[in-house]
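Visitor: Could we go through this structure together? I would like to begin with one residue and its surroundings.

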Amino acid sequence: MRHLLRSPAGLAGTTLVTIMVILAIIGPPIWGAEAERINPSAILQGVSDAHPLGTDNLGRDILARVMVAGRLSLLLALLTTLIGAVIGTVLGALPSVLPRRGARVVTGTVNALVAFPGLLLAMFTAVVAGLGAKGAVLGIGVAIAPGFARLTQTLAASVAGADYVSAARMLGVPRMRVMTRHVLPNIAEPLILNLTQALGSALLALAGMSFLGLGVQPPSFDWGRLLFEGFSRIYDTPAVALGPAVAVALAGIGFNLLGDALARAAARTTTPAKAAPVPAARQEIEEPDPEAVLEVRDLTVTFPGGVTPVRGLSLTVAPGEIVGLVGESGSGKSLTSSAIGGLVPYPGKVTTGRLRLCGVDLAELPEQERRKLLGTSLAMVFQDPMASLNPALRVGGQLAEVATVHQGASREKAWERAVDRLDHVHIPEPERRARQHPHELSGGMRQRVVIAMGLMGTPRLIIADEPTTALDVTVQRQILRLLRQVTAETGAATLFISHDIAVVGELCDRVVVMYAGRVVEELPVDQLVTGAAHPYTRALVASLPDMDTDRSLPLASIPGRQPAPAEVGAGCAFAPRCALASDRCAELPPLIPYGKAHSVACWEAQ
Amino acid sequence: MIIKNLTVRFGAFTAVDDVTLEIPQGAIVGLVGESGSGKSTLAKAVTGLVRYTGEISGADTRRIQMVFQNPYASLNPRMTVGASVAEGLRLPRADRAAEVERLLSLVSLPGAVAQRYPRELSGGMRQRVAIARALGARPELLVADEITSALDVSVQGSVLNLVRSLREELGLSMLFISHNLAVVRYVSDVVAVMHQGRLVETGPTEEVVDAPRHDYTRSLLEAVPRLGRVS
């Protein structure tokens with residue numbers, strides 16, 4: 001509601017509609033007598049103090065008649081919209097309830113009606129139903145029904161494919177009940193929004209019918225009728241026609257603005273409540289490591305509303321090293337990689353104590369040089385290779401572009417290198433594949449193409465974000481091997497992000513475990529199974545079934561769930577789920593060394 | 001339940017090709033295969049969601065229930081957990097609340113969850129609710145299609161433990177479908193391996209895992225990532 005009033009359009013729409021509704025309620029009791037009083041001495045008068053909009057051919061005050069006509073105009077519009085909405089919703093919902101053949105007939109009818117001009121449909125119905133308000137209401141109601149039917153049908157079809165509808169069918173829930181309990185409640189919101197806008201259109205259409213003499217007949221009158229009566233005098237006393245015209249226009253605009261604003265407010269996601277701010281970087285930052293390809297200190301990513309998915313993360317990756325960044329969904333691992341690549345989506349905000357790539361501080365570089373450095377020395381591989389490939393272009397051309405843009409190579413040279421790189425990532429028949437489009441390749445092949453694209457330059461850092469999650473295990477194996485080979489050959493540093501601790505354990509040299517936006521443990525991979533110190537890491541390893549798990553014992557699992565980025569408190573975020581938690585855990589444990597190349601953030605680490 | 005010569009065709013494409021598989025009473029049969037192997041289509045055929053040729057005998061097909069992969073899409077967001085679970089019950093209104101509570105306790109959820117909406121629950125809890133809803137129909141066979149692949153590792157364990165305890169306590173027969181061989185190995189009594197629409201190997205879990213006979217099974221086993229194995 002607050003959103004509705006905040007935008008000027010929403011405010012205007014709400015105000016206009018409120019005024020119209022008040023007018024409809026209080027108009028007839030206040031001005032009713034005045035509007036009906038015939039005064040032979042004041043026939044066809046123009047604007048005067050007594051009659052601000054003049055009088056009609058029976059001497060009745062037109063301003064009073066405009067005020068009184070509001071009720072009938074709005075009521076008729078409401079009735080019309082209801083008729084249209086009910087017929088439309090029933091027609092649109094029927095195909096989901098009827099047997100197949102009946103459904104097809106209804107769908108075909110709706111399609112034909114949608115294609116039929118609305119005005120003709122309205123006139124036709126109005127003439128059949130008889131001249132007057134009844135005919136106009138039925139006519140316009142029938143004319144707007146196909147639109148509602150189509151909307152309902154489309155929305156219902158999208159919900160009908162949902163798993164919960166399949167589940168209900170399997171449980172033997174009758175079709176009619178599936179419709180009323182599962183489908184209609186889930187599509188009600190857009191339908192109701194559409195109703196508001198339809199109300200505005202119905203009001204205008206009814207005014208149009210009355211203006212043509214097809215609508216309300218005397219002695220009843222609505223705004224359209226008043227306009228019709230005043231129109232013949234528009235050249236000598238324009239006010240008599242302008243009054244009702246302005247009323248119709250304002251009401252129509254009001255309902256349309258309100259409908260628009262409602263739709264926009266519904267589409268907006270609610271912003272979470274404000275949470276405690278993250279304390280600023282507290283420790284003194286040590287000297288930069290000249291050897292490291294990537295050095296990140298105190299990386300924090302925040303979103304408006306106190307949502308902080310990454311909290312003071314520090315990370316170092318050396319040349320030729322594969323570091324696994326592992327965590328469950330919502331741990332902030334993917335946003336960490338986005339922040340390093342400068343890809344955090346708006347309105348996210350990234351702050352770092354230090355972000356060095358290849359020995360250069362990215363924060364100190366001008367924008368253009370920063371882009372060039374990222375473009376030539378960083379290769380990124382995502383879960384969905386189609387996100388990195390343009391479906392409309394041949395893969396060879398996309399690879400070659402890297403060389404022409406960043407390295408200034410000629411087109412032939414660039415193409416040659418593209419084919420060579422495709423060959424290098426073990427794509428059979430690289431020349432033929434280079435001329436194909438991404439959709440002609442399998443998922444594993446596309447992922448190879450993306451890796452080849454990263455190899456067009458001389459990458460110093462490869463960031464692979466869940467690169468094998470969408471792939472089958474046998475293909476996953478090949479891609480992991482390829483990543484290993486590429487890292488060894490180029491001497492690049494690789495940051496491998498995954499939720500799958502088994503894959504990380506198989507591929508990486510060092511493992512960084514994230515929980516609720518923070519690093520909780522960093523350890524060499526050979527320590528993962530037996531030497532992990534943080535209770536979370538140990539629980540993760542224990543809960544993972546592998547090919548040697550004892551089948552007679554229950555699997556370990558961690559009670560509760562990871563806090564959402566807006567819920568993380570001041571102390572250790574894992575404490576509520578931790579068996580070892582003590583009073584100390586209310587204070588945030590720092591990440592401190594724990595043996596060789598091993599550090600852990602836990603007060604109770606053993 | 002016995003599936004005999006089941007075939008599913010989509011136009012010229014044969015998704016499931018002449019599959020014969022027995023699911024013994026009270027056993028969990030694990031079905032593994034890669035994407036496109038036809039395992040999900042087989043599940044849909046068994047539950048009657050796609051047309052097939054062949055024969056399914058030994059179970060009332062109306063008493064086969066399914067639990068879906070994505071617990072965020074399989075519960076109606078506008079219905080309370082209790083209303084969702086009560087949908088499959090064929091009981092007088094007065095007895096429903098007690099039965100819903102019994103079903104929720106079967107999946108280790110407190111009865112108070114019945115008043116909550118799905119959005120208030122974690123993925124693991126939602127998946128338990130989906131299982132409770134399926135159990136309400138007193139199924140002769142429960143088809144579980146990748147029920148842990150949308151869950152985090154730390155909650156996957158509790159759902160797998162639940163699956164095993166349901167078999168032990170209720171004697172529930174189950175077709176457990178997963179691409180993850182380690183998960184299938186952990187819960188199943190029998191493992192069936194599917195490849196390009198055909199069953200290439202079926203046998204008791206230990207036999208298939210320890211002494212695979214088909215080349216494809218071997219390559220699948222070989223590819224399972226293992227902690228601490230550096231390739």
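Guide: A:E429 is partly exposed, with a relative accessible area of 47%; buried means under 20%, exposed over 50%, and partly exposed in between (1.4 Å probe, protein chains only). The model is predicted: local features need pLDDT of at least 70, side-chain atom pairs count only at pLDDT 80 or more, and totals for chains, interfaces and linings use all residues. Residues are numbered from 1 along each chain as its sequence is written, chains are lettered from A and ligands numbered from 1 in the order in which they are written, and side-chain values use heavy atoms, without hydrogens and water.

Visitor: Where does A:E429 lie?

Guide: A:E429 lies in the loop between α14 (411–424) and α15 (430–434) of chain A; helices (H or I, at least four residues) and strands (E, at least two) are DSSP runs, numbered from the N terminus. Its phi is near 50 degrees, a positive value in a residue other than glycine. Most residues other than glycine have a negative phi.

Visitor: And B:E146, is that buried or exposed?

Guide: B:E146 is buried, with a relative accessible area of 9%. This residue also has a positive phi, of about 55 degrees, and is found in the loop between β6 (141–145) and α5 (153–170) of chain B.

Visitor: Changing topic, which peptide bond is cis?

Guide: The bond from A:P218 to A:P219 is cis, with omega near 10 degrees. A:P219 lies in the loop between α8 (175–211) and α9 (223–231) of chain A.

Visitor: What does A:I451 touch?

Guide: Leaving out residues up to four places away in sequence, A:I451 touches A:V381, A:V425, A:I479, A:L482, A:L483 and A:V486; contact means heavy atoms within 4.5 Å.
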